[in-house]
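I opened the notebook to record, entry by entry, what I looked up in this model.

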Amino acid sequence: MQKVTKMPIGLGMHLEQEIAACQLYNAALETGDPLAWMPIEGRNPDLFSINPETRLSLLSSGLIEVSGDVVRLTSKAVSLIEKFVAEQ
C-alpha cells in the first residue's frame with residue numbers, strides 16, 4: 001500500500017477534512033494496518049471539524065470512528081482512499 005501524496009481525494013468533504021483523513025491514513029499505514037486505531041492526541045483538529053458549508057463532519061459521514069481517546073478510519077474511508085491512491 002502506498003501513502004496519499006496528492007489532494008483533493010474526493011471524499012466529498014472540505015479540503016482540510018480530507019487532508020486530516022489522509023494524514024490519519026498515512027500514519028495508520030506506518031503500523032501496517034490502514035484500519036488501525038490511533039491516539040487522538042496530536043491529530044490534526046480538522047479530522048473532527050464540521051464543514052461550515054455542508055455542516056458535515058468525517059464522523060457524521062461514517063468515514064472515521066472514535067472510541068475513547070483513539071480514532072480510526074472506517075473501511076468505507078479506507079476503500080475510497082485506496083481507490084484514489086491507485087489512480088494517483
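In what order do the three strands form the open sheet? I find the order β1-β3-β2, with antiparallel pairing; strands here are DSSP E runs of at least two residues, helices are H or I runs of at least four, and both are numbered from the N terminus, while two strands pair if DSSP finds at least two bridges between them.

I note that this is a predicted model, in which local features need pLDDT of at least 70, side-chain atom pairs count only at pLDDT 80 or more, and totals for chains, interfaces and linings use all residues. Residues are numbered from 1 along each chain as its sequence is written, and side-chain values use heavy atoms, with hydrogens and water left out.

Next I looked at the edges: β1 (38-39) and β2 (64-67) each pair on one side only. I then followed β2 to β3 (residues 70-73), to which four bridges join it in an antiparallel run, and I saw that S67 has V70 of β3 as its bridge partner.

Stepping back, I read the elements of the protein chain from the N terminus as α-β-β-β-α. The radius of gyration is 12 Å, close to the 12 Å that the globule rule gives for 88 residues, so the chain is as compact as a globular protein of that length; the radius is taken over C-alpha atoms, and the rule is 2.2 Å times the number of residues to the power 0.38.

Last, I checked burial: 38% of the 88 residues are buried, meaning under 20% relative accessible area with a 1.4 Å probe, protein chains only.

How values were computed. Buried means under 20% relative accessible area, exposed over 50%, partly exposed in between (1.4 Å probe, protein chains only).
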